[in-house]
Amino acid sequence: MAAKQIAIVGGGPAGLMAAEELSRHGHAVTIYEAMPTVGRKFLLAGKSGLNLTHSEDYSRFVTRFGKTAERLRAALDGFTPADVREWAEGLGTETFVGSSGRVFPKVMKASPLLRAWLARLEAQGVRILTRHRWVGFGEDVLRFETPEGSKVVRFDAALLALGGASWPRLGSDAAWVDWLRVKGVEVSTFRPANCGFDLTWSEGFRERFHGAPVKGTVASSGAGAIPGEFVITRHGIEGSLVYAHAASLRDALEKDGSASLLLDLAPGRTQDRLARDFARQDSKASLSNRLRKAAGLDGVKSGLVRELASAGDRGDPLRLARVIKALPVPVLRPRPIAEAISTAGGIGWNSVDANYMLKAIPGVFAAGEMIDWEAPTGGYLLTACLATGRAAAHGIGEWLAH
């Protein structure tokens, strides 16, 4: 029997993983990628250390996907964090667990892993056609614009793995949304996830502290109380601790019109202790001296208190202690979606069957960030992209078999 022709649109992790699975089972797979090379966002993520997955207990790992955890569970069960590590090591990339529980390649970079992965795909017969930009559906065909002009592609099954809407310069521009909506696929509006936020800093604070890391804090929001660090930027706040609260802050802004991140600037000291230590200070001493001597705060932490606490709070020992343990940082809006690490929104789960096929377009499947799910940074995003790509490949195999 002739090999089935599978078209995969998008050469990111989800598309590449699906191509690996399908070609391993004897199907003729072609990947169509709009950019000059595949895996561009994957490579960018690996510039500062490729976070492949997370080492925490799997029962805890699956909860990181919030309300979509139940729908993602079957895919994640099929390609767990342990499977991700084994897969990477099978491609010659040894991994290690960092102090935060995150899993990285020992070489840290993404490029060696991607090179080995592409070599495996080539050996399994996968064709990769770059500079092939998908421009929608024709009558039972996919239409592409290429350097040689327009092209139509017929297929036995197709997988769409085009990513969300963040980092559009790397290929994830969400141009496909209207083409799927016309076909009857529910697609919710993309929103930034794992993003920074705008604040109104005073000019003096901005000039003095932009770029400064804020370490040794615990931040609280609807997402809970989480320790970590973040960075002051010219426009607001950025960094891993902010990303952990991004979904909660974004949703609160949309629902209530306002949101604040609460900072415990001295997590090693109780409020009562701080209040007593401030009460012992000379009331005529400067705020900077009182913060340093009573709370151990200086630099950017001291600057945050001066910037965000009221005059009444700064002058009263008990109120100042309360502020240091729960300093409200009022955020105005998320940074633009093009800057976000990832996105929420996309193809609604009601439009996708258990095998990741689009119910409105039989024979066409979807995987990765095109679908409406989100997760924090820490390896969760990449693991889910790989897992849904693999699950969609299995779904394609089952659909073709029947």
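Hi everyone, let's start in a loop: Ala174 lies between strand 10 (157-160) and helix 7 (177-182). Helices here are DSSP runs of H or I with at least four residues, strands are runs of E with at least two, and both are numbered from the N terminus. Before going on, a word on the source: this is a predicted model, where local features need pLDDT of at least 70, side-chain atom pairs count only at pLDDT 80 or more, and totals for chains, interfaces and linings use all residues. Residues are numbered from 1 along each chain as its sequence is written, and side-chain values use heavy atoms, with hydrogens and water left out.

Most residues other than glycine have a negative phi. Ala174, though not a glycine, has a positive phi of about 55 degrees. Ala174 is also buried, at 16% relative accessibility; buried means under 20% relative accessible area, with a 1.4 Å probe and protein chains only. Asn194 is another non-glycine with a positive phi, about 50 degrees. You'll find Asn194 in the loop between strand 11 and strand 12 (197-198), and at 4% relative accessibility Asn194 counts as buried.

Now, what does Trp176 touch? Leaving out residues up to four places away in sequence, its contacts are Trp134, Leu162, Gly163, Val187, Phe190, Ile347 and Met370, where contact means heavy atoms within 4.5 Å. Trp176 belongs to the largest nonpolar core, which has 80 residues. Such a core is a set of buried Ala, Val, Leu, Ile, Met, Phe, Trp, Tyr and Cys residues joined through side-chain atoms within 4.5 Å. Helix 15 (residues 380-401) gives the most to this core, 12 residues. A second, separate core has 42 residues, including Trp201 and Leu327.

On to the cysteines. How many disulfides are there? The count is 0, taking a disulfide as a pair of cysteine sulfur atoms within 2.5 Å. For Cys195, the nearest cysteine sulfur is that of Cys385, 17 Å away. Cys195 is buried at 1% relative accessible area, and Cys385 is buried at 10%.

Last stop: the lining of the second largest pocket. Of its 40 residues, the closest to the pocket's centre are Arg64, Ile226, Tyr243, Ala244 and Pro376. Helix 9 gives the most to this lining, with 10 residues.

Key:
Buried < 20%, exposed > 50% of the residue type's maximum accessible area, 1.4 Å probe, protein only. 1 Å grid on protein atoms, 1.4 Å probe; cavity = no way out; pocket = protein on both sides within 12 Å on 5 of 7 lines; lining within 4 Å.
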